[in-house]
Amino acid sequence: MNDLLAARSQMGMSLAFHIIFAVVGIGMPLLMVMAERRWLTTGDQVYLELARRWAKGTAIMFAVGAVSGTVLSFELGLLWPHFMEFAGPIFGMPFSLEGFAFFVEAIFLGIYLYGWDRLSGRAHLGAGIVVALSGALSGIFVVIANAWMNTPTGFTMVDGRPTGIDPIAAIFNPAALTQTIHMTLAAYAATGFAVAGIHAFLLLRKPANAFHRRALHIALLVGGPAALLQPLSGDRSAKMVAQHQPAKLAAMEAHFRTESAAPLIIGGIPDEETGQTRYAIRIPYLLSILAHGDPQAEVTGLDRVPRDEWPNVLLVHLAFQLMIGLGTVMMAITAWAAWLAWRRQELSEHRAFLRAVALATPAGFLAVEAGWMVTELGRQPWIIHGVMRTADAVTPMPGLVVPFTFFTVLYCLLTVAVVWLMYRQIAKSPTAEDWQRIYTPVLRDA
Amino acid sequence: MPDFTPALLVAVSLVAALAAYLVMAGADFGGGVWDLFATGPRRRRQRALIAESIGPIWEANHVWLILAVVLLFVCFPPAFARLSVTLHIPLTLMLVGIVLRGSAFTFRTYDSQSDDVQRRWGLVFSWASLVTPVLLGVAAGTIAAGGIPVRPSGTFVEAYIHPWLRAFPLAIGVLALSLCAYLAAVYLTMETDDHELQEDFRLRAFGAGIGVFVTAMFALFLARRHVPLVWQGLTASAWAPGYQVVVGGMALLSFTALWQRRYGIARVAAPIQAVLILGGWALCQYPYLLPPDLTIAAAAAPKVTLELVLAALALGFVVLVPSLIYLFRIFKSRPQRV
């Protein structure tokens, strides 16, 4: 493994690991707050129990997210010093704002987790709301910085150096809006579906458990609408990519030849050597419609892109298909839930529905990972699209396979520990005896 | 008087963020060290007090480091790039320490309360708490010693190991560790109203405080031969005599207060002493960011970036300061019940 590939692998692995925890850090606080609010308004102790248990899971995930995020902020320099030297002053503003958003999030999460007995109900709920808002905000700032790498603005190149730097223009880069909306919705969809799936699984084993039923409802209320809105945001994203990163769009769609009235290619195995995609389904005109809103529009293919500026077409195309497929599954489940609810059927008693939700537990997170593979691998060979190649950004230090191996082993061990701890938390969900306690009125000291 | 350019203001903010990190997060690391060295009949209660004291605040305290890194790469990108290349190995090890400290502490809180499981996570947490400040100190010592070249040269060992694996950076590493342990012990006397525990941490504060003094003197001795910038600054500069008096005075004050069990005074004097030690380093280096060649002005990003970051800092602090006060008022206004 050469040093560039090792550095890319380490960065990719670190991001793939961190994003799980970052997404949970955005989604879970909303679930906790919804449960706590229902407790405050209805007085139903089950909701309090739910909020407390979700908070424990959030604490574990947030801690790992905080430290793995720190790793990333250093890795930007440890692996890509030339990129950071170039880009820091241009795209760094969102990071400084993110620093404060993350600060607020960490402060109020500490208050939320340890303050159950020290704050009034309203103040405690307020702390949770601040966590949910600042969590979403920090995610948005980080994604703005990533969007800049896709559509860099706010400077002009003169003799290989950036001049006329405008950090505000860099914040409002063309990809910023579509990418942040897409990622924020993804965070709510992924968390909502993962939590709904776990509680659906437990409902299948212990039907009519009020704890899991309430949990399922809240989780679907967060995950469902996000999953329904996501295709709209995805469509905006695709049009933006078509305009600013035609090579990425061509790789996503396995679109080798520039043509008008281009068909949409679903599935299949693209072959970069022959420029053919085998075993695919083709829907006439649809790519032209999706990319440019016109069935006759010309869609740039990879033939217009110099061969050494192609991303890995096979990986990008397959990751994109996976993301779309999983998104469709989540949308279908949401539609089913809406249909059942409209028919006034209790979701938590419909076993086929519960089975589908349980099966979809990892769908959102897999879609998030696949989506990031699309945007990151699809940008290659560039680290800053059209401006700096990834190969020119890497650190001169040799032997990068060593830290890559090191962090991989470390993160594998952490994954095992987190999975074990989450399993413990979930396995401890309330039993019959707990109900006695939960339903017994508890006096809270204000 | 130096000219307060935007670049200098950002540099001052950077030092301030590091100082906040030292007196807040440093004490959390120190807590981990005292978890490792918990001894005697009150071992369990010591550990419980440490865990309760850092539990609600360590994640917030940790963000100061992220803020410092962000300020460095947004406002002084060449310095960040050079540091990241030469200090790749110690910084990577430090990251491993940060990851293990934070996750092991949280896992211990939420895993089975059986002794075996608690001890296993506790060991990871406490060893990581010990190693991380040493590596941060090593990085700081390497910078002060002028060990960050424009570009690495020579063999792998010459370029990526030799700059930091030397006596002075290592001494600063031990100094950083002693400071963290000292701060933690002093703070912990205020976290409980259990007199036995207070005595335990009072003794530990004396031990760590002596450690701070000895390593600081040893580092100064090394600086005389190897790091003239620091030696000159601390002994021969215009501000040196006043600085010596104030640092010495604070050290004396915190020790006397500990002696007389007036923990409230020690709780204030000790972090001031720590901030002054860090500030002394910064003053020695001025106007260099990376001695001997890269100045604050030369490393600075374009003015527009610096001004925007300063505006963001001002705005951020309006939100941050009340939030931090709220956090500390909730959890630090009365002793923990163990």
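Colleague: Which loop holds A:Gly275?
Modeller: Strands (E, at least two residues) and helices (H or I, at least four residues) are DSSP runs, numbered from the N terminus. In this predicted model, A:Gly275 is placed in the loop between β4 and β5 of chain A.

Colleague: What rules apply to the numbering and to the parts of the model that are used, and how many bridges join β4 of chain A to β5 of chain A?
Modeller: Residues are numbered from 1 along each chain as its sequence is written, chains are lettered from A and ligands numbered from 1 in the order in which they are written. The model is predicted, and local features need pLDDT of at least 70, side-chain atom pairs count only at pLDDT 80 or more, while totals for chains, interfaces and linings use all residues. Two strands pair if DSSP finds at least two bridges between them. Strands β4 (residues 264-271) and β5 (residues 276-283) of chain A run antiparallel, and the number of bridges joining them is seven.

Colleague: Is A:Gly275 buried, exposed or partly exposed, and which residues is A:Gly275 in contact with?
Modeller: A residue is buried if 20 or more other C-beta atoms lie within 10 Å of its own, exposed if 12 or fewer, and partly exposed in between, with C-beta atoms placed from the backbone. A:Gly275 has 14 other C-beta atoms within 10 Å, so A:Gly275 is partly exposed. A contact requires C-beta atoms, placed from the backbone, to lie within 7 Å. Leaving aside neighbours within four places in sequence, the contacts of A:Gly275 are A:Phe256 and A:Arg257.

Colleague: Why is A:Asp159 classed as exposed?
Modeller: A:Asp159 is in the loop between β1 (156-158) and β2 (161-163) of chain A. Its phi is positive, near 50 degrees, in a residue other than glycine. A:Asp159 counts as exposed because the number of other C-beta atoms within 10 Å is 5.

Colleague: Where does A:Arg344 lie?
Modeller: A:Arg344 also has a positive phi, near 60 degrees, and is a residue other than glycine. A:Arg344 is exposed, with 6 other C-beta atoms within 10 Å. Its place is the loop between α11 (313-342) and α12 (351-359) of chain A.

Colleague: Which helix gives the most to the side of chain A that touches chain B?
Modeller: 52 residues of chain A are in contact with 51 residues of chain B. Four helices of chain A, α2 (45-79), α3 (81-91), α4 (93-114) and α15 (401-427), each supply at least two residues of that side. The helix that gives the most, with 16 residues, is α4(A).

Colleague: How many nonpolar, polar and charged residues does that side of chain A have?
Modeller: Ala, Val, Leu, Ile, Met, Phe, Trp, Tyr, Cys and Pro count as nonpolar, Asp, Glu, Lys and Arg as charged, and the others, Gly among them, as polar. On the side of chain A that touches chain B, the classes come to 36 nonpolar, twelve polar and four charged residues.

Colleague: Which residues have the most contacts inside the largest nonpolar core?
Modeller: A nonpolar core is a set of buried Ala, Val, Leu, Ile, Met, Phe, Trp, Tyr and Cys residues joined through C-beta atoms within 7 Å. The largest has 282 residues, and α2(A) gives the most to this core, with 20 residues. Those with the most contacts inside the core are A:Leu31, B:Ala68, B:Leu71 and B:Leu183.

Colleague: Where do the buried residues of α11(B) lie around the helix?
Modeller: The expected span of a helix is 1.5 Å times one less than its number of residues, so the 20 residues of α11 (240-259) of chain B should span 28 Å, and the end C-alpha atoms are 28 Å apart, which agrees. B:Met250, B:Ala251, B:Ser254, B:Ala257 and B:Leu258 are buried. The arc is that of the directions from the helix axis to the C-beta atoms. Seen down the axis of α11(B), the buried residues fall within an arc of 135 degrees, so they line one face of the helix.

Colleague: Which helices do the buried residues of α11(B) pack against?
Modeller: The face of α11(B) turned away from its buried side carries exposed residues, including B:Val245 and B:Trp259. The buried residues pack against three helices of chain B: α8 (167-190), α9 (195-226) and α12.

Key
Two residues are in contact if their C-beta atoms, placed from the backbone, lie within 7 Å.
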